[in-house]
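This report concerns helix packing and salt bridges in the structure shown below.

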Amino acid sequence: MYEKLLLAVDGSENSLRAANEAVKIASLNHQCQIEIVYVVDYSKSKNDILHAQGKEELEFSRRKKLTPVEELFSSKNITYKVSILRGEPGPTIITYVNANGYDLVIIGSRGLNSLQEMVLGSVSHKIVKRVNCPVLIVK
Amino acid sequence: MLERMKKEWFSNVRADILAGAVVALALIPEAIAFSIIAGVDPMVGLYASFIIAVTISFVGGRPGMISAATGAMALLMVPLVKEHGLDYLLAATILTGIIQILFGVFKIAKLMKFIPRAVMIGFVNSLAILVFMAQVPHILGESMVTYLFVLITLVIVYMLPRFVKTIPAPLIAIIALTAVTLYAGIDMKVVGDLGGITRSLPDFFIPNVPFNLEMLAIIFPYSIALAIVGLMESLLTASIVDDMTGTDSNKNKESKGQGMANIITGFFGGMAGCAMIGQSVINVKSGGRGRLSTFVAGLFLILLIIIFGNLVVQIPMPVLVGIMIMVCIGTFDWSSFTYLRKAPRTDAFVMLATVIIVVATHDLSKGVIAGVILSTIFFVAKIAKINITEKVINSNIHFDIEGQLFFASVEDFIDAFDFTVIEKNIVINFSESHIWDDSAVGAIDKVIMKYRENNNSVMIEGLDSTSKKLVEKLTIYPALTGSKTST
């Protein structure tokens, strides 16, 4: 059974849906360790700093994006760990997953159309292609 | 100490060298364009970028940050160069450095964090607008080919990174389009038409200016503006690099480092500079983390100029303009439009006012200073709101004071009382308030005095301990804060 799970979260509705699926999988096995990963996006750093009142407020607002997911896990008594990484979301998650080894990666899909995907690039698509473990994409 | 130096310089050698090289390539067109904006030879910006980057790699407080000749600084120098020439600019650059070191020593740099975000957003937006406006004269009214080249450059710099990630797209645009121009013999304005490139290292010399008060009076206003704007952009960039790398940096050390870099660049014929947001982001994204990356950026830049100098003068101006338009688009804070709608009215107003003042005066420092003053006034007005509720309990009149009592709120405070009552017991409750200064104490005294004129008895309660101390120290009525003050 899956024991070491990674849930990639960006604070969106989609990642909350992915978290719901993660809960279902985790509750099948109470040995299950789950790691919530949030990537601070390089290309948003400038914008974030410019619009934040200070470092503490920025950290707090990022942490706040994770609270719905964290609340979900603690309400189901599932132990979890939060890791905050920095970089471009796709490649950063891929390097992290391949370096630490997981049984399953769970990620929400933004549900972009083909034009948006061409311009923005699909994070979940990149991850599926390049990580060495099963991936669950939740739409 | 040695351990830390080793970490800051040599913990990331391979990636630092690669990232530094990428940054050097991206720096060249900007250094040339900013020289043209300032109205000096391209070498002034190129030497500045070389010397500032190399110096700051040793003395800066934020490893991995890139400092060089910048648009913000170039824009401030325009009138000085136009009226007094290059030597005055170099003298102003040295004085800028001295001021920045003083700011660092006296920890004034720390005050920069009080610059409100509305002003910061206004600053980057007006910077983008001014740099864009400076590009327009180079292409407006030129040939159709000029417009076409700008367009092709923009297409290359925006589309190519989708497919080619290793080589910076602006470099490809420069090489490809310069080659096309030379090969096809297209007649177009080139960088060489606006100034020459010297293929040598800079020399040390003392700017040729008269050393007297008159000269100082000319350069001082420019130096102070350069020092403030330079530190502001440098500390903003440092915070962005801090955030991207998840590490902290020493802001006072950075201010002193910026100062030293400007002093040295002034003596080597370079213009004042500061940290660059765009280039620092490129550096971190390319893997640069340590001081080595900044050092390599500066060194590689001057090597490229020495080797390829005679090709650099052949770069068509429209290509340079296209690249600068990309820089402007990258600098502008596009979420400002959402900000204007969602931020508090006063913040949105401050942001707009900063932009309008900068664009109208062509002076970034004026917009920033006006923005800071405006936000201070708005802030005082906001916290000066005082709320007084009156209720009657057992024929005693109770006043509950809510808000900060200080020089800006005392007038509203006094106006809220009705002094026509006679022979009543009056209780004023300050438990939701705080007394800040002597005008607040004076106002309380005045209220008590007026009530007593009509034989009322006044009692003060609920003062917190610091307010109580202040009142006891300053009031003209002894035992005012006692349980009951009788007439």
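## Salt bridges

Over all chains, the structure holds 12 salt bridges, a salt bridge being a side-chain nitrogen of Lys or Arg within 4 Å of a carboxyl oxygen of Asp or Glu. This is a predicted model, in which local features need pLDDT of at least 70, side-chain atom pairs count only at pLDDT 80 or more, and totals for chains, interfaces and linings use all residues; side-chain values use heavy atoms, with hydrogens and water left out. Residues are numbered from 1 along each chain as its sequence is written, while chains are lettered from A and ligands numbered from 1 in the order in which they are written.

In chain A, a salt bridge joins the side chains of A:Asp48 and A:Arg62 (3.1 Å, N to O). A:Asp48 belongs to helix α2 (residues 42-51) of chain A and A:Arg62 to helix α3 (residues 55-75) of chain A, so the pair ties together parts 14 residues apart in sequence. Helices (H or I, at least four residues) are DSSP runs, numbered from the N terminus. A:Asp48 is partly exposed at 22% relative accessibility, whereas A:Arg62 is buried, its relative accessible area being 6%. Here buried means under 20% relative accessible area, exposed over 50%, and partly exposed in between (1.4 Å probe, protein chains only).

In chain B, the side chains of B:Arg291 and B:Glu8 form a salt bridge (2.6 Å, N to O). B:Arg291 lies in helix α12 (residues 291-312) of chain B and B:Glu8 in helix α1 (residues 2-10) of chain B, so this pair ties together parts 283 residues apart in sequence. B:Arg291 is buried at 4% relative accessibility, and B:Glu8 is buried with a relative accessible area of 19%.

## Packing of α9(B) and α10(B)

Helix α9 (residues 213-245) of chain B packs with helix α10 (residues 251-267) of chain B at an angle of about 135 degrees, the axes lying 10 Å apart. The contact (heavy atoms within 4.5 Å) is made by B:Leu231, B:Ser234, B:Leu235, B:Ala238, B:Ser239 and B:Asp242 of α9(B), together with B:Lys251, B:Ser255 and B:Gln258 of α10(B).

Among these residues, B:Asp242 and B:Lys251 form a salt bridge, with the closest N and O atoms 2.7 Å apart. B:Asp242 is buried, with 6% relative accessible area, and B:Lys251 is partly exposed at 26%. Elsewhere, salt bridges that share partners join A:Asp48, A:Arg62, A:Arg86 and B:Asp243 into one network.

Conventions. Axes are lines fitted to C-alpha atoms, for helices over the stretch in contact, and angles run from 0 to 180 degrees between N-to-C directions. Helices (H or I, at least four residues) and strands (E, at least two) are DSSP runs, numbered from the N terminus.
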